[in-house]
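Here's a quick briefing for anyone opening this structure for the first time. Have a look around, then read on for a few places to start.

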Amino acid sequence: MTDTAERSGDAAAHAEPVRTRALIIGTGFSGLGMAIALQRQGVDFVILEKADDIGGTWRDNTYPGCACDIPSHMYSFSFEPKADWQHMWSLQPEIFDYLRGVADKYGLRRYVRFGARVEHARWDEGESMWHVHTADGDEYLAQFLISGAGALHVPLTPEFEGLEDFGGVAFHSARWNHDVDITRKRVAVIGTGASAIQLVPAIVDEVAELQVYQRTPPWVMPRPNNALPQWLRRVFTDVPGTRALARLAIYWAHEVVGFGMTKQPGLLRVGRLLGQWNIRRSVKDRALRRALTPSYRTGCKRILNSDIYYPAIANPRTEVITDRIVRFTADGIVTEDGRERPVDVVVFATGFHVTDSYTYVRITGPDGEELVDRWTREGVQAHRGIAVAGMPNLFFLLGPNTGLGHNSVVFMIESQIRYVAQAIAAVDDAGVTAISPRRSAQDDFNRDLHADLDRAVWSTGGCRSYYMDEHGRNRILWGGMTWQYWLATRRLRRSEFTFSGR
Ligand code: NAP
């Protein structure tokens with residue numbers, strides 16, 4: 001068959017739009033959790049997944065050492081506890097397995113269209129339907145559109161001069177190239193965020209030389225992560241209530257950190273002392289200690305945890321480079337002091353497109369209004385971080401200002417899933433076809449939220465982070481305690497919404 005015939009065959013296969021009541025984007029914790037809730041509610045749905053497997057961030061991030069820095073007894077669905085987590089802070093393969101297990105248990109794979117990258121969604125007011133188009137030319141029609149895409153899925157690789165001429169191998173930490181053997185190679189890791197501090201200790205003993213390019217040092221708290229002893233796993237399995245108790249203890253311990261970040265910055269001094277001690281105990285060189293010590297307040301950028309990062313930094317194979325990178329050459333990296341370091345493999349641990357992640361799917365509301373235009377003009381915002389005024393039946397999970405710097409986002413996701421399920425039920429109860437928040441309710445919510453955020457450490461701590469948009473406004477994090485968010489989303493207040501259609 002020729003290319004053209006194949007394409008026209010495809011076109012014929014794609015001719016009929018797929019109709020469903022609810023369309024979910026993504027198969028991470030958000031998408032899968034939402035699907036389970038809709039299943040329970042008897043709402044027909046389809047899930048669109050850009051990749052060829054489920055799992056979201058836990059499918060994409062396979063770099064050595066990848067793990068979660070929230071304990072798994074908390075970083076898991078409340079309704080799907082797992083007794084035998086191997087570590088307190090799980091490694092990526094176990095979390096990925098957990099998600100696959102959940103998908104299988106609830107039979108979710110049959111609802112997923114894999115390789116379906118959403119490009120455009122357009123609301124049709126007459127039909128009260130979202131028309132959703134994927135990159136492969138398919139069209140889906142759904143009354144409700146729920147994005148579970150999150151904000152940490154589009155890798156950011158900075159545009160360095162000369163990168164295209166680099167003769168070695170280069171890849172992003174979230175697209176780890178497992179075909180490349182790094183054994184005894186000269187490896188450069190660019191960035192020192194959450195991903196870098198996990199992968200640096202995981203590869204240092206394999207490589208010949210490790211160059212760590214640090215722009216801003218992170219605060220790294222001491223934290224051992226040995227395998228949980230067998231007896232403790234048995235306790236969690238056999239003794240009723242122990243898992244729930246562990247979850248509760250983990251939850252409140254993390255909320256204390258949140259209290260420091262949002263209400264009592266004085267508490268964060270403890271973090272500074274712990275972070276300084278963590279450096280001192282592994283790094284003897286004074287100049288290096290100074291280079292590793294942040295100048296901003298603990299918590300301003302994401303607080304990281306590791307007992308093995310600084311020992312890896314102190315390893316004689318590692319060099320921390322704080323001079324700015326000016327360009328790449330065919331053989332290596334040149335820094336602003338004019339020095340060129342030859343390198344075989346470059347890992348960009350440079351994070352993700354976060355505050356602009358919403359620009360990657362075009363959403364066209366009533367009267368042709370582009371959501372990206374509104375958000376570019378007004379800043380990214382939603383009512384309770386979930387629904388958007390003037391955009392009927394559109395919901396975001398982990399949407400604007402609902403990320404966290406201190407506790408499990410799965411807790412936030414579950415609150416949001418419940419809220420979206422209530423919104424759909426409210427539409428059905430009212431005998432209408434569409435729901436969207438009142439502009440006034442959304443504005444009130446965001447005014448209060450930003451008043452809190454302006455006082456929080458992310459704004460006052462003296463750092464630059466991906467939480468902030470180009471105007472210096474935090475568009476990513478929730479501004480209070482997570483139980484406050486739970487309270488704010490526990491019951492959908494109908495008075496905050498307008499209902500339309502039919
Ligand atoms: P990140 O926190 O955004 O860190 C990116 C790093 O790259 C920073 O050190 C940044 O420096 C540096 N960088 C960016 N552009 C650069 C440039 N042009 N030149 C030099 N350095 C540059 O990204 P991440 O480590 O992938 O983590 C992203 C988020 O994913 C985390 O905050 C967390 O929410 C999540 N995550 C969680 C875990 C976990 O649970 N343990 C693990 C991995 C990721 P600056 O600081 O100066 O900007």
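A residue is called buried when its relative accessible area is under 20%, exposed when it is over 50%, and partly exposed in between. Keep in mind that what you're looking at is a predicted model.

- On the contact itself, domain 1 puts in 23 residues and domain 2 puts in 21 residues.
- Together the domains bury about 1900 Å², with 52% of that on carbon and sulfur atoms.
- Three residues stand out on the domain 1 side: His-406, Val-457 and Met-481 supply 29% of the area that domain 1 buries against domain 2, more than any other three residues.
- As for salt bridges between domain 1 and domain 2, the count is zero.

**Helix α8**
- Helix α8 covers residues 268-282, and at 1.5 Å a residue its 15 residues should span 21 Å; the end C-alpha atoms are 22 Å apart, so the two figures agree.
- Which residues of α8 are buried? They are Leu-268, Gly-271, Gly-275, Asn-278, Ile-279 and Ser-282.
- Looking down the axis of α8, those buried residues fall within an arc of 95°, so they line one face of the helix.
- Turned away from the buried side of α8 is a face with the exposed residues Arg-269, Val-270 and Leu-273.
- The packing partners of the buried α8 residues are β10 (220-221), α7 (242-262), α9 (286-292), α10 (309-314) and α14 (457-460).

**Two alanines in loops**
- Ala-349 lies in the loop between β16 (345-348) and β17 (362-364), and it counts as buried because its relative accessibility is 8%.
- Setting aside neighbours within four places in sequence, the contacts of Ala-349 are Ser-173, Val-189, Ile-190, Gly-191, Ala-196 and Leu-199.
- Ala-83 belongs to the loop between α3 (57-60) and α4 (92-105), and with a relative accessible area of 11% it is buried too.
- Not counting residues up to four places away in sequence, Ala-83 touches His-73, Arg-233, Phe-236, Thr-237 and Arg-243.
- From Ala-83 to Ile-146 is 63 residues in sequence and 31 Å in space, C-alpha to C-alpha.

Terms used:
Residues numbered from 1 in each chain as written. Predicted model: local features only at pLDDT ≥ 70, side-chain atom pairs only at ≥ 80, totals over all residues. Heavy atoms only, no water. Helix = DSSP H or I, 4+ residues; strand = E, 2+ residues; numbered from the N terminus. Expected span 1.5 Å × (residues − 1). Buried < 20%, exposed > 50% of the residue type's maximum accessible area, 1.4 Å probe, protein only. Arc of directions from axis to C-beta. Contact = heavy atoms within 4.5 Å. Buried area = accessible area lost by both parts, 1.4 Å probe. Salt bridge = Lys/Arg side-chain N within 4 Å of Asp/Glu carboxyl O.
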